[in-house]
Amino acid sequence: MLNGKRILAIIPARAGSKRVQHKNLTLFKIGDEMDSLLGWAIKHAKACKYIDHTVISSDLPQQCKEGPYSEPEWFPRPEYLSGDKTPMEAVLTHVLYRCSGYDYAVLLQPTSPLRSAEDINHCIEIAVTQDGKDGLTGCVSYNPYGKRNGAVYVMNRLHFLEFLSLDAA
């Protein structure tokens, strides 16, 4: 929570992939620590000081939801939202309608494991403290070269549900 605003982290973890089946469970090493792409997203969400609750939207098999991945809340993703061409906005809308009571949503895609909790905190701070100023309704992370990298998206929940677009952030 920041400035009285409740914040929900959403981690989309689809089982299917055109090239790598269960890609989100692929191991990735950062420094001396090894974890799956999904594991890194969960760790980053847990380390963020402003996130109130984390959900994983997934069609992964039940055994993937146990052990180290059991703590965040799992939302089964319907088959119609599990295809290669399903837009992320549809997945977010599915989760946001199921999770009321939050002011902001943070999208943490497992395929961006190099972000840090500090990156997430910074985006949340910008989104919440600057909301409505100069039309700002969220925050998107950029790489050092000024290109949107998709590592962190923070959006005002109501604004997103009105426009159904990550570009509105």
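**Figure 1. Charged side chains over aromatic rings.** Lys-43 is placed over the face of Trp-40, 4.8 Å from the ring centre. A charge sits over a ring if NZ of Lys or CZ of Arg is within 6 Å of the ring centre and within 35 degrees of the ring normal. The model is a predicted one, in which local features need pLDDT of at least 70 and side-chain atom pairs count only at pLDDT 80 or more, while totals for chains, interfaces and linings use all residues. Residues are numbered from 1 along each chain as its sequence is written, and side-chain values use heavy atoms, with hydrogens and water left out.

**Figure 2. The largest pocket.** This pocket holds about 360 Å³ of space. Of its 20 lining residues, Arg-14, Gly-16, Lys-23, Asn-24 and Met-88 are the closest to the centre. A pocket is defined on a 1 Å grid over the protein atoms alone, as an open set of points where a 1.4 Å probe fits, with protein on both sides within 12 Å along at least five of seven lines; lining residues have an atom within 4 Å of a point. The volume is the space filled by probe spheres set on the points, and grid points are joined across faces, edges and corners. Strand β1 (7-13) and helix α2 (88-98) each supply at least two residues of the lining; helices (H or I, at least four residues) and strands (E, at least two) are DSSP runs, numbered from the N terminus. By class, the lining has seven nonpolar, seven polar and six charged residues. Here Ala, Val, Leu, Ile, Met, Phe, Trp, Tyr, Cys and Pro count as nonpolar, Asp, Glu, Lys and Arg as charged, and the others, Gly among them, as polar.

**Figure 3. The second largest pocket.** The volume of this pocket is about 150 Å³. Its lining residues include Ser-112, Asp-119, His-122, Tyr-142 and Asn-149. At least two residues of the lining come from each of α3 (117-129), β7 (138-142) and β8 (148-156), and α3 gives the largest share, three residues. The lining divides into five nonpolar, four polar and two charged residues.

Figure 4. Strands β2 (residues 27-30) and β3 (residues 33-36) pair in the antiparallel sense over four bridges; two strands pair if DSSP finds at least two bridges between them. Ile-30 stands opposite Glu-33 in β3. Two residues lie between the strands of this hairpin, and Gly-31 takes a positive phi near 65°.

**Figure 5. Positive phi in residues other than glycine.** Asn-3, in the segment before β1, has a positive phi near 50°. Asn-3 is exposed, with a relative accessible area of 58%. Leu-164, in the segment after α4 (157-163), has a positive phi of about 50° although it is not a glycine. Leu-164 is partly exposed, at a relative accessible area of 44%. Buried means under 20% relative accessible area, exposed over 50%, and partly exposed in between (1.4 Å probe, protein chains only).

**Figure 6. Thr-111 in its loop.** Thr-111 belongs to the loop between β6 (104-107) and α3. With a relative accessible area of 42%, Thr-111 is partly exposed. The C-alpha atoms of Thr-111 and Leu-96 are separated by 21 Å, and these residues are 15 residues apart along the chain.
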